[in-house]
Structures are given as structure tokens and as C-alpha cells.
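The sequence and model follow.

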Amino acid sequence: MDPNLPAPRALTVIQLPDGTYTYTDPAHLPAPQAPQQIVQHIHHAPPDRTVQRLALGSGIGAGAVAAGVYFGPLLVGVLTAIAANLAMLAFLAAVMVWGVVTVVRSVGGTDGKAAAGAVRKVRGRR
């Protein structure tokens, strides 16, 4: 064996597409490919947005939906404050009427008794 020649390689027998066989160097063969891995992502269902879809689908528009979300709680707060003020005024009116009736009764006299009687008739008591 001549030392100037390259070392012999092991040859591999392969079958060509036309069906014939031949020898080839394994270094020149394409690298075997690994099977393709399929990655499947399983997603959860999105959150329920039925109200938004109904509002937007009925032609209201996103601006109206956003305004309802923003101004809805403000409207509830304003109405609650108005109701609290009216309740306080009704309570004060009842206390003042009770005080006036009590003073008129305690003062006595014919005018006081007549006024107390008129108040009793209006209230339904006799």
C-alpha cells in the first residue's frame, strides 16, 4: 500500500431511483432526518363577553359601551346621594312638625287646643 494515497474508506451500497445499485461514500450521503415533531397547543375557552357582543352587535358602538362602564357607577353614586339627602330632609321635616305640635300643645289655651285638634283631625285621630 502506497503511503501517499489516502486511506481506503468503507463504501456503502445504495439503490438509485431507477432501481440499480451502486457504491457510495457514506460521508457524501445526506444526513438522516429525524421525524417531524408536531406541536399542538390546546387553548382554553376565552372569557364570556356576551354582553359586550350584544351591545356592539346592536349598533351601540364601543364608545357607548365604555361610557356605560364608566358613567354607570357614577350615576348610581349620584342617585344614592340624592336619595340620602331627601331622606335627611324628610326626617328633619318630621322632627320639626313634631316639635311644633308639642310646643303648641304645651302652651295650652283655646288657640293651642284648637290648633292641636285641627292637627288631630288632619292626621285622622279624634
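## Helix crossing

The axes of helix H2 (residues 62–107) and helix H3 (residues 109–123) come within 7 Å and cross at roughly 140°. Axes here are lines fitted to C-alpha atoms, for helices over the stretch in contact, with angles from 0 to 180 degrees between N-to-C directions. H2 and H3 are therefore oblique to each other; angles under 35 degrees count as roughly parallel, over 145 as roughly antiparallel, 65 to 115 as roughly perpendicular, and the rest as oblique. H2 passes H3 in a left-handed crossing, meaning that the near helix is turned anticlockwise from the far one by less than a right angle.

## Model and overall make-up

The model is predicted: local features need pLDDT of at least 70, side-chain atom pairs count only at pLDDT 80 or more, and totals for chains, interfaces and linings use all residues. Residues are numbered from 1 along each chain as its sequence is written, and side-chain values use heavy atoms, with hydrogens and water left out.

The protein has 3 helices and 2 strands, in the order β-β-α-α-α from the N terminus. Helices (H or I, at least four residues) and strands (E, at least two) are DSSP runs, numbered from the N terminus. Of the 126 residues, 6% are buried; buried means under 20% relative accessible area, exposed over 50%, and partly exposed in between (1.4 Å probe, protein chains only).

## Nonpolar surface patch

A nonpolar patch on the surface has about 1100 Å² of accessible area together, and its members include Leu 75, Ile 82, Leu 89, Phe 91 and Met 96. Patch residues have over 30% relative accessible area and no salt bridge, like charges being joined within 9 Å and nonpolar side chains (Val, Leu, Ile, Met, Phe, Trp, Tyr) within 5 Å. A salt bridge is a side-chain nitrogen of Lys or Arg within 4 Å of a carboxyl oxygen of Asp or Glu. Areas come from the Shrake-Rupley method with a 1.4 Å probe; for residues, only the protein chains shown count as cover.

Leu 89 belongs to H2 and counts as exposed because its relative accessibility is 53%.

## Residue pairs

Leu 11 lies in the segment before strand S1 (12–15). Leu 11 is exposed, at 53% relative accessible area.

Ser 106 sits in helix H2 and is exposed at 58% relative accessible area. Ser 106 and Ala 116 are 10 residues apart in sequence and 10.0 Å apart, C-alpha to C-alpha.
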